[in-house]
Amino acid sequence: MPALACVEAAAPHPGYGFEWDGALPAPGAYPRGASTTEGGGDLTAAEYSSPWSTDLSAALYRIDGWGAPYFCVNTAGDIAVRSYGAATVSHQEIDLMKVVKKASDPKAAGGLGLRLPLLVRFPDILKHRLESLHAAFDFAIRSNSYGACYQGVYPVKCNQDRYIVEDIMEFGLPFDFGLEAGSKAELLLAMSCLTRASRKALLICNGFKDEEYIALAVVARRMDMNTVIVLEQAEELDTVVETSQRLGIRPVIGLRAKLRTKHSGHFGATSGEKGKFGLTTAQILSVAQKLQRLQMLDCLQLLHFHIGSQIPSTALLSDGVGEAAQIYCELARLGAAMRVIDVGGGLGIDYDGSRSGGSDMSVGYGLHDYASAVVRAVMFACDRKHVRHPIICSESGRALVSHHSVLIFEAVSSTTTKAEPLSSIGPNFASLLEELADDARSDYHNLRAAAYRGEYETCALYADQLKRTSIDHFKDGMLGLEHLAAVDGLCDLVAQELGVADPVKTYHVNLSIFTSMPDFWAIGQLFPIIPIHHLDQRPGVKGILSDLTCDSDGKVDRFIGGQSSLPLHELGRGVGGGGYYLGMFLGGAYQEALGGLHNLFGGPSVVLVSHSEGPHGFAVTLAAPGPSCADVLRAMQHEPEVMFESLKHRAEECSAGDAVSCALARAFDSMPYLVRSRADPVCASDGDRTDGMGGDSEGCGSCVCGEEEGEEWTFMRCLSV
């Protein structure tokens with residue numbers, strides 16, 4: 001190892017430089033030839049040191065694993081979106097960086113003037129996922145000569161966004177695709193959307209139910225909707241019977257069974273005999289007998305169960321479906337008019353690209369494997385009991401919507417791990433160290449001597465001891481700030497040259513973890529996070545991500561593959577300069593619905609992007625700015641209009657002038673996130689569908705404060721409610 005070059009001293013030893021002369025190799029992202037599996041890739045040190053390519057980036061970030069068939073790296077080094085999966089041809093790929101540029105460029109430059117963070121949705125992927133799911137079941141049904149069909153439903157709890165639910169209804173119309181609701185509000189949403197769906201589409205009513213919920217579901221039945229009220233608890237039966245008799249409408253009833261089958265891990269906690277929902281074997285039998293006494297056994301037509309989300313293997317799936325199918329057959333034997341078996345959710349996705357059934361982050365099967373396992377298990381049980389094959393229903397939400405949205409955010413700064421030059425501490429650096437107390441000064445001299453002798457382990461011991469002693473002296477008031485800074489600088493340089501300094505940088509990102517990826521914070525769910533550009537360049541930094549919130553939990557320090565850092569590029573050193581953008585993928589399920597308003601950071605701006613044959617290759621069909629400061633304040637019961645008036649009045653009392661009132665109005669209208677440029681303030685009207693490729697609509701009008709009374713309130717009139 002080269003000699004340490006850390007200490008400015010008067011008499012340098014031969015072969016030992018006291019001033020930093022850059023003799024050591026520049027610190028790299030992976031010192032000492034370490035493997036770059038850090039961050040999720042499977043590259044060897046030799047591969048990493050070879051000339052870089054987009055293929056190496058794809059391997060490093062496992063894009064071909066979790067991203068297939070929708071995401072890849074194009075020749076420009078950007079992430080490309082393949083909206084039609086494997087059927088997408090090269091000219092149909094959408095460059096994600098071009099979408100970001102279109103969305104964030106000022107309107108004067110032809111952009112939409114949206115501010116980051118940005119949620120980009122691809123309805124074409126949503127359509128492809130739904131069609132792929134139906135095709136998988138259709139193939140399994142035909143290849144096994146199964147005697148009924150598949151009819152899926154989308155659980156709206158997964159993502160209740162209006163355009164997602166409406167698109168699913170549109171794309172699912174040829175397949176009689178329906179909806180699942182778990183609350184009164186979700187039931188109202190589902191009923192409204194099903195007015196435009198097939199009359200055969202199922203409306204599955206799950207969750208805890210009161211009389212109002214049940215009455216609403218019974219009314220949906222009268223409106224000629226294919227509504228099934230699923231009993232989660234035995235006590236709900238009485239309310240269903242009484243309500244339906246009072247309204248004069250005969251209900252269709254389903255039962256949710258508590259299976260013995262369950263899987264381990266976080267997502268299996270809601271299944272099994274001690275699960276939150278469902279009826280035991282004895283309760284199922286009791287409900288069937290009670291319905292028989294009431295001459296309503298023909299109303300019992302569906303059996304529902306849920307093993308748990310992210311079912312890891314088809315072996316576990318077959319076991320659970322087989323158990324449920326036996327219950328289904330027994331209910332048919334007792335005289336129930338059974339016609340549907342609802343296998344619930346659980347169809348998992350591969351978050352880390354490992355195709356492994358050993359964790360919550362991956363699954364060891366694909367869509368066709370899943371459909372085949374379900375069909376065969378149901379068919380085997382029914383054929384043995386000579387029961388007619390039922391309609392197969394699934395409540396696949398995560399597998400439908402996860403892939404179709406990408407969260408884009410920007411790294412705005414980073415901490416540095418490179419030790420500051422000792423000269424920056426002051427010209428009298430050496431004299432400061434000589435002024436230390438006796439014990440600390442002794443450690444300093446011993447450190448110098450060990451450096452002269454090349455005893456590097458001894459150097460590390462003395463540096464650590466010197467630092468601890470100096471900190472104690474500082475706490476006791478025996479040491480000045482300049483002296484402590486000198487000790488810190490020396491020890492940091494020693495650690496850096498010995499290769500024991502922490503090489504991980506912290507990248508500060510314009511995002512709230514709690515708002516946009518709450519599952520990471522709450523349950524440790526990992527999502528693929530990668531740079532969306534510069535992937536034709538070698539990443540030179542290992543980094544973790546720190547968000548804008550004033551909370552120590554607001555950071556991402558765990559990544560797919562079980563890694564504690566992410567390979568990143570140096571800020572400001574990429575081709576063309578500009579911002580450094582990262583994307584979180586596979587986050588289309590649950591994150592938007594679960595995200596809160598921690599630190600009053602709202603949601604991101606949103607654009608819907610579809611493939612287009614035009615020159616850009618895509619069209620923005622919806623552009624909506626993220627919630628403003630006024631929006632998030634209003635969501636917490638504050639009154640931004642009143643707040644503005646009180647602040648404006650105080651500004652007038654202080655003779656602060658119109659500029660202050662204008663600045664206050666801008667602040668209320670601005671997104672809570674950081675703003676890189678004020679060249680093109682955003683005042684787009686909320687949620688209007690627009691041809692984003694034009695990008696020249698004025699939204700709410702001018703954002704320039706005028707001299708007339710109240711013109712500064714123009715900003716407040718722009719707010720999305």
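These legends walk you through close-up views of a predicted model. Residues are numbered from 1 along each chain as its sequence is written, and side-chain values use heavy atoms, with hydrogens and water left out. Local features need pLDDT of at least 70 and side-chain atom pairs count only at pLDDT 80 or more, while totals for chains, interfaces and linings use all residues.

**View A. Q92 sits in the loop between β2 (79–81) and β3 (94–95).** Strands (E, at least two residues) and helices (H or I, at least four) are DSSP runs, numbered from the N terminus. Q92 is buried, at 15% relative accessible area; buried means under 20%, with a 1.4 Å probe and protein chains only. Leaving aside residues up to four places away in sequence, Q92 touches V81, Y84, A87, H611 and E613, where contact means heavy atoms within 4.5 Å.

**View B. Y154 and V607 touch the most other members of the largest nonpolar core, which has 165 residues.** Such a core is a set of buried Ala, Val, Leu, Ile, Met, Phe, Trp, Tyr and Cys residues joined through side-chain atoms within 4.5 Å. Helix α12 (residues 367–385) supplies the largest share of this core, 11 residues. Another core, of 20 residues, lies apart from it, and includes L433, A463, V487 and V494.

**View C. H473 belongs to helix α16 (residues 456–475).** Here is a buried histidine, H473, with a relative accessible area of 9%. Beyond residues up to four places away in sequence, H473 touches A437, D439, A440, M478 and L479. The C-alpha atoms of H473 and L436 are separated by 9.3 Å, and these residues are 37 residues apart along the chain.

Methods. Buried < 20%, exposed > 50% of the residue type's maximum accessible area, 1.4 Å probe, protein only.
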